[in-house]
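User: I'm new to this one and would like a walk through it. Could you show it to me first, and then take my questions?

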Amino acid sequence: MNSRPLMLLRFATSAIEEIGSTPHGKVSIFPVTGGSFEGERLRGKVLAGGGDWVTALADGTFELDLRVTLETDDGALIHMTFTGVRDDANHYLRTLPRFETAAPKYAFLNRLLAVGIGEIRPEGPVHAIEEIL
Amino acid sequence: MNTRLLMMMHVNVATPQNIGAVPHGTRRTAPLSGGDFEGPRLRGTLLPGGSADWLLLRADGVLEMDLRVTLRTDDGALISMKSFGLRHGPPEVMAAIGRGETVDPATYYFRTTPRFETAHPAYTFLNRLVAVASGDRRAEGPIYTIHEVL
């Protein structure tokens with residue numbers, strides 16, 4: 001499959017909210033307090049208020065469900081979500097981001113599918129997001 | 001991004017159910033009457049019972065696809081597959097597809113992101129991966145080339 005870089009996205013998170021064991025698994029919420037994103041076609045900051053709803057599944061993997069708002073350096077707001085899988089045993093953290101925006105300049109985001117290659121760094125999660133061509 | 005071929009999947013579409021204009025767009029459900037899949041690590045058929053593609057044509061002309069199918073491998077495992085996808089392209093190309101013509105899949109965007117769930121030990125690797133697929137809409141139904149994201 002062909003892809004091209006869309007952005008490098010960094011999140012700042014605050015203390016985890018442990019919901020605990022639910023019928024689907026152990027649920028933890030990682031609040032997003034900020035961050036930044038940078039790519040050839042867009043750059044800006046992550047607004048506080050989003051988060052990643054993470055469920056620890058019975059097979060040892062984590063199911064990710066993230067919602068955040070991105071603000072570009074020229075003032076457009078972009079609603080971003082992803083689902084994904086984190087499998088620490090296999091060093092695998094991959095996501096499927098989707099975007100929604102009303103800003104005409106960034107409407108191309110409404111029409112694409114993407115894949116994120118994630119990594120947990122000491123300063124927070126980093127996702128290299130590629131557009132699927 | 002590194003990927004490797006997971007499977008090719010042929011899907012047969014039955015008569016669509018036109019739900020019509022709904023608050024999010026124009027909704028249509030395409031039940032699937034069958035199909036098959038084949039790749040280096042799995043092959044089998046698609047079960048018609050719980051398999052369909054829930055389609056929503058948005059105001060910006062993009063078709064959102066919400067495919068849910070049950071796969072049965074040649075050794076009897078059941079695999080649930082769900083994939084969200086987008087399809088769009090030049091109006092004349094989309095019109096030709098609508099008329100059931102075969103068009104070059106390079107002339108439009110038809111991509112999906114499959115996820116899998118299975119309880120069968122031989123295929124649990126599918127639970128742990130995300131995939132991307134490119135589609136080729138033929139008159140009888142789409143052909144998907146599905147790649148595992150490495």
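User: How much of the accessible surface of chain B belongs to carbon and sulfur atoms?
Analyst: This is a predicted model, where local features need pLDDT of at least 70, side-chain atom pairs count only at pLDDT 80 or more, and totals for chains, interfaces and linings use all residues. Residues are numbered from 1 along each chain as its sequence is written, chains are lettered from A and ligands numbered from 1 in the order written, and side-chain values use heavy atoms, with hydrogens and water left out. Accessible areas come from the Shrake-Rupley method with a 1.4 Å probe, and for residues only the protein chains shown count as cover. Chain B has about 6800 Å² of accessible surface, and the carbon and sulfur part is 53%.

User: Which elements make up chain B, in order from the N terminus?
Analyst: Helices (H or I, at least four residues) and strands (E, at least two) are DSSP runs, numbered from the N terminus. Chain B holds one helix and nine strands. Reading from the N terminus, they go β-β-β-β-β-β-α-β-β-β.

User: Is Ser83(B) buried or exposed?
Analyst: Ser83(B) sits in strand β6, residues 78-88 of chain B. Buried means under 20% relative accessible area, exposed over 50%, and partly exposed in between (1.4 Å probe, protein chains only). Ser83(B) has 3% relative accessibility, so it counts as buried.

User: Which residues does Ser83(B) touch, not counting those up to four places away in sequence?
Analyst: Contact here means heavy atoms within 4.5 Å. With residues up to four places away in sequence set aside, Ser83(B) touches Met65(B), Asp66(B), Leu67(B), Thr112(B), Thr113(B) and Pro114(B).
That list is for one residue. Across chain B, for contacts with a separation of 6 or more, the share from residues 24 or more positions apart is 52%.

User: And over in chain A, is Ser21(A) buried or exposed?
Analyst: Ser21(A) belongs to strand β2, residues 17-22 of chain A. Its relative accessibility is 71%, so Ser21(A) counts as exposed.

User: What area is buried between chain A and chain B?
Analyst: The chains meet through 21 residues of chain A and 26 residues of chain B. On the chain A side, Met1(A), Arg111(A) and Leu113(A) lose the most area to chain B, together 34% of what that side buries. Buried area is the accessible area (1.4 Å probe) that two parts lose on being put together, summed over both. Carbon and sulfur atoms give 57% of the area buried here, and the total is about 2200 Å².
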